[in-house]
Amino acid sequence: MKYQPESLTVKRGDTVVWRNRDVVPHTATAPGKFDSGLIANGASWSWTAGQAGRFDYVCTYPPGMEAGVVVQ
């Protein structure tokens with residue numbers, strides 16, 4: 001019930017992949033920036049970093065998980 005790693009640094013153009021290895025669905029949601037929707041157990045979702053900055057994201061189901069990605 002946590003993101004691993006909790007912080008990640010990538011370059012613009014890199015693709016970040018979230019893989020759900022938990023028993024419940026999760027999201028990777030940075031309001032106004034990206035939203036994976038529900039990622040089922042065993043599924044994955046990817047996002048390509050298009051602009052530099054820090055993107056803090058959370059899981060909206062269940063809430064409480066937090067992490068961030070820094071795009072250089």
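I started with the aromatic rings and found 9 aromatic pairs in the structure. Rings of Phe, Tyr and Trp (its six-membered ring) pair if their centres lie within 6.5 Å; planes under 30 degrees apart are stacked, over 60 edge-to-face, and the rest tilted.

I looked up Trp18 and Tyr57: their ring centres are 5.4 Å apart and their planes sit at 85 degrees, so this pair is edge-to-face. It links distant parts of the chain, with Trp18 in strand 2 and Tyr57 in strand 6 (residues 53–58), 39 residues apart. Strands here are DSSP runs of E, at least two residues, numbered from the N terminus.

A note on the source: this is a predicted model, where local features need pLDDT of at least 70 and side-chain atom pairs count only at pLDDT 80 or more, while totals for chains, interfaces and linings use all residues. Residues are numbered from 1 along each chain as its sequence is written, and side-chain values use heavy atoms, leaving out hydrogens and water.

Are Trp18 and Tyr57 buried or exposed? Trp18 has 8% relative accessibility and Tyr57 has 6%, so both count as buried (under 20% relative accessible area, 1.4 Å probe, protein chains only; exposed is over 50%, partly exposed in between).

Next I checked Phe34 and Trp47: centres 4.6 Å apart and planes at 40 degrees, so the pair is tilted. Phe34 is in strand 4 (residues 34–35) and Trp47 in strand 5 (residues 44–48), 13 residues apart. Both are buried.

Last, I saw that Tyr3, Trp18, Phe34, Trp45, Trp47, Phe55 and Tyr57 form one aromatic cluster.

Conventions
Helices (H or I, at least four residues) and strands (E, at least two) are DSSP runs, numbered from the N terminus.
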